[in-house]
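Subject: Structure handover

Hello,

Here is the structure you were expecting. Please open it alongside this note.

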Amino acid sequence: MSKIAQPDHPIHELIAQRWSPYCFEPRAVEPDKLASCLEAARWAASSYNEQPWTYIMATRDDQAEFTKLLGCLLEANQVWAQHAGVLLLGIVSNSFSRNGNPNRVAQHDLGLAAGNLSLQATALGLSVHQMAGINPDKCRVTYGIPESQTIVTAIAIGYAASPDASDPQLAERDRAGRGRKTLSEFVYRGQWGQSAY
Ligand SMILES: Cc1cc2nc3c(=O)[nH]c(=O)nc-3n(C[C@H](O)[C@H](O)[C@H](O)COP(=O)(O)O)c2cc1C
């Protein structure tokens with residue numbers, strides 16, 4: 001299934017093709033494709049090239065580890081993420097390694113890495129669904145993550161399934177249309193609230 005964006009201005013086809021499915025085939029992701037997705041994340045820009053991100057990964061071929069990471073998601077996300085091939089926890093270091101100062105843009109950098117990963121996955125025929133809905137305290141205890149780190153998001157990677165062959169409630173979400181704010185709603189010029197478009 002495809003839910004290609006209908007942009008108001010031309011955009012790269014990969015960006016238009018990317019969307020976040022709820023219906024995944026319960027299928028492993030090939031290790032070379034997974035490595036390419038993480039490699040794309042690796043090459044994201046970051047403030048002072050700090051690369052403040054760390055991922056904890058679980059693949060569905062290791063059922064025990066997959067279940068462990070799945071259990072760190074909120075239940076509403078477990079319902080669909082259980083079918084993904086790969087789960088990642090996205091974590092950032094709160095301070096710069098070069099001088100110990102707080103890194104107030106670490107989560108911005110993690111987002112850039114996620115953007116790279118998502119587009120690389122799309123190029124490889126994979127789908128990505130990111131999640132804020134995690135239990136950070138449980139993640140910290142489960143994996144022994146130090147307080148110097150903030151646990152930000154989880155990411156599911158896998159093969160999107162046909163909604164026809166999936167749970168009807170999840171299928172309904174995947175069949176729903178896509179919407180976005182217009183440029184005039186989020187690009188200002190000159191003054192706060194003054195649309196540039
Ligand atoms: C940082 C972030 C957190 C998200 N958290 C969740 C989540 O916890 N559960 C969920 O079902 N979708 C989550 N999403 C997916 C968004 O709902 C989805 O990206 C948005 O509706 C736009 O749809 P699209 O990605 O298909 O364009 C999240 C996306 C991002 C980028």
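Below is what was found in it, from the overall fold down to single residues.

First, the ground rules. This is a predicted model: local features need pLDDT of at least 70, side-chain atom pairs count only at pLDDT 80 or more, and totals for chains, interfaces and linings use all residues. Residues are numbered from 1 along each chain as its sequence is written.

**Overall fold**

The protein chain has eight helices and five strands. Helices (H or I, at least four residues) and strands (E, at least two) are DSSP runs, numbered from the N terminus. In order from the N terminus, the elements read α-β-α-β-α-α-β-α-β-α-β-α-α.

Along the principal axes, the C-alpha atoms fill a box of roughly 50 × 45 × 30 Å.

Of the 197 residues, 28% count as buried. Buried means 20 or more other C-beta atoms within 10 Å of the residue's own; exposed means 12 or fewer; partly exposed is in between; C-beta atoms are placed from the backbone.

Two residues are in contact if their C-beta atoms, placed from the backbone, lie within 7 Å.

**Ligand shell**

Which residues are around the ligand? They are Trp 19, Ser 20, Asn 77, Gln 130, Met 131, Ala 132, Gly 133, Thr 153 and Arg 178. The cut-off is a C-beta atom, placed from the backbone, within 6 Å of the molecule. The shell divides into three nonpolar residues, five polar and one charged. Here Ala, Val, Leu, Ile, Met, Phe, Trp, Tyr, Cys and Pro count as nonpolar, Asp, Glu, Lys and Arg as charged, and the others, Gly among them, as polar.

**Core**

The largest nonpolar core has 40 residues. Such a core is a set of buried Ala, Val, Leu, Ile, Met, Phe, Trp, Tyr and Cys residues joined through C-beta atoms within 7 Å. Leu 87, Leu 89, Leu 117, Ala 156 and Ile 157 have the most contacts inside it. Elements giving two or more residues to this core include helix H2 (31–42), strand S3 (86–93), helix H5 (106–123) and strand S5 (149–160).

Two of these residues are worth a look. Beyond four places in sequence, Leu 87 touches Ala 58, Phe 66, Leu 69, Leu 70, Ala 81, Ala 154 and Ala 156. Ala 156 is in strand S5. It counts as buried because 25 C-beta neighbours lie inside 10 Å. Leaving aside neighbours within four places, Ala 156 contacts Phe 24, Ala 81, Ala 84, Leu 87, Val 128 and His 129.

**Helix H5**

The 18 residues of H5 should span 26 Å at 1.5 Å a residue, and the end C-alpha atoms are 26 Å apart, which agrees. The expected span is 1.5 Å times one less than the number of residues. Buried residues of H5 include Ala 106, Leu 110, Ala 113, Ala 114, Leu 117 and Ala 121. An α-helix has 3.6 residues a turn, so residues three or four places apart point the same way. The buried residues of H5 pack against H2, S2, S3, S4 and S5. Just after H5, Gly 125 takes a positive phi of about 80 degrees.

**Loops and the N terminus**

Most residues other than glycine have a negative phi. Asn 49 has a positive phi near 50 degrees. Gln 51 has a positive phi of about 50 degrees. Asn 49 sits in the loop between H2 and S2, and Gln 51 is in the loop between H2 and S2 too. Buried or exposed? Asn 49 counts as exposed, with 8 C-beta neighbours inside 10 Å. Gln 51 counts as buried, with 20.

Asn 135 is in the loop between S4 and helix H6 (136–143). It is partly exposed, with 16 other C-beta atoms within 10 Å. Asn 135 touches Cys 72 and Leu 74, not counting residues up to four places away.

Ser 2 lies in the segment before helix H1 (13–17). It is exposed, with 7 other C-beta atoms within 10 Å. The C-alpha atoms of Ser 2 and Arg 175 are separated by 9.7 Å, although the two are 173 residues apart along the chain.

Best regards
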